[in-house]
Amino acid sequence: MAAKTNPFKIILGSSSKSRKDILTEMGYDFTIMTADIDEKEIRMEKPEDLVMALAEAKANGIITRIQTIDYSEKNSEPALLITADTADAILSRLQTDVNKQEDAESTLLITADQVVVYEGVIREKPSSKEEARQFIKGYSGGRAATVGSVLVTNLTTGTRRGEWDRVEIYFREIPDEVIEKLVDEGIVLYVAGGLIIEHPLIVPFIEKVEGTTDSVMGLPKALTEKLIHEVL
């Protein structure tokens, strides 16, 4: 799809290839910036709460990074990075900044997170090949769900909107040799739950998907478009 001509800029707060591909498919030009946060420090019992909290933490980390860079460029003295800022404090500073430049072009920051839920247990990225192997074997002949969040922050106005999305995936029996190929390839180590339903080795063993494939890949298009329009 040709890139859209939009009166706003987009920063994708993710290095995920799938998210980059999806946003490109949606026709947007964008730059990439990631947050330096320890995701393991953020724990929630409910997967919906966890993915929303992680998307917000990523957004706050990137915003603080942007403001630190801007400050450093404008001042000769070292900038002080305060990592304990709350979302309200960060968004309040954004609102103060926009009051000083009302005609500024909107810049939208998109952050997202995803976990897999299997038998009620939250699964994030596998910590080893053995864990990835056990994850995928568990899906064989069964089902799992992805719970993903999208958060869009208008960096010009401070307006923020976010929601989560859930997809149920049903699997046929996955042969051991297919699982071994996936594990040896290594890509499954970098995705939530070791789950890549669009992978050519896995596609034949997907029985049914209740939801959208782009959501499973990490960025639901319809939800992302909705949130973009809500913050403008």
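Reader: Which residues of helix α7 are buried?
Author: This is a predicted model. In it, helix α7 spans residues 221-231, and its buried residues are Leu223, Thr224, Glu225, Leu227, Ile228 and Val231.

Reader: What covers the buried residues of α7?
Author: The cover includes four strands: β1 (8-12), β3 (106-118), β5 (143-154) and β6 (160-171).

Reader: How many helices and strands does the chain have?
Author: There are seven helices and seven strands. Read from the N terminus, their order is β-α-β-α-α-β-β-α-β-β-α-β-α-α.

Reader: And how much of the chain is buried?
Author: Of the 232 residues, 47% are buried. The accessible surface of the chain is about 12200 Å², and carbon and sulfur atoms account for 50% of that surface.

Reader: Among contacts between residues at least 6 apart in sequence, what share joins residues at least 24 apart?
Author: That share is 73%.

Reader: Turning to confidence, where is it lowest and where is it highest?
Author: Helix α3, residues 87-100, has the lowest confidence, with a mean of 56, whereas β6 has the highest, at 98. For the chain, the mean pLDDT is 87, and 82% of the residues reach 70 or more.

Reader: Let us move to packing. At what angle do α4 and α5 pack?
Author: Helix α4 (residues 129-139) packs against α5 at about 145°, and the two axes lie 10 Å apart. The crossing of α4 past α5 is right-handed.

Reader: Which residues meet there?
Author: From α4, they are Lys129, Ala132, Arg133, Ile136 and Lys137. These meet Asp176, Ile179, Glu180, Leu182, Val183 and Asp184 of α5.

Reader: Where does histidine 199 lie?
Author: Histidine 199 is in the loop that runs between α5 (176-185) and β7 (206-210).

Reader: Is histidine 199 buried or exposed?
Author: Histidine 199 counts as buried because its relative accessible area is 10%, and the cut-off for buried is under 20%.

Reader: What does histidine 199 touch?
Author: Leaving out residues up to four places away in sequence, histidine 199 touches Leu182 and Glu185. With glutamate 185 there is a polar contact of 2.6 Å, side chain to side chain.

Reader: Finally, where is glutamate 210, and which residues is it in contact with?
Author: Glutamate 210 belongs to strand β7. Setting aside neighbours within four places in sequence, glutamate 210 is in contact with Arg166, Val167, Glu168 and Tyr170. Glutamate 210 and valine 167 are 43 residues apart in sequence, and their C-alpha atoms are 5.7 Å apart in space.

Reader: Which side chain does glutamate 210 join in a polar contact of 3.4 Å?
Author: That partner is the side chain of lysine 208. As for accessibility, glutamate 210 is partly exposed, at 38%.

Terms used:
Residues numbered from 1 in each chain as written. Predicted model: local features only at pLDDT ≥ 70, side-chain atom pairs only at ≥ 80, totals over all residues. Heavy atoms only, no water. Buried < 20%, exposed > 50% of the residue type's maximum accessible area, 1.4 Å probe, protein only. Helix = DSSP H or I, 4+ residues; strand = E, 2+ residues; numbered from the N terminus. Contact = heavy atoms within 4.5 Å. Areas by Shrake-Rupley, 256 points an atom, 1.4 Å probe, with all protein chains shown as cover. pLDDT = per-residue confidence, 0-100. Polar contact = N/O pair within 3.5 Å; in protein donor to acceptor, adjacent residues only side chain to side chain. Axes fitted to C-alpha atoms, helices over the stretch in contact; angles between N-to-C directions. Left-handed = near helix turned anticlockwise from the far one by under 90°.
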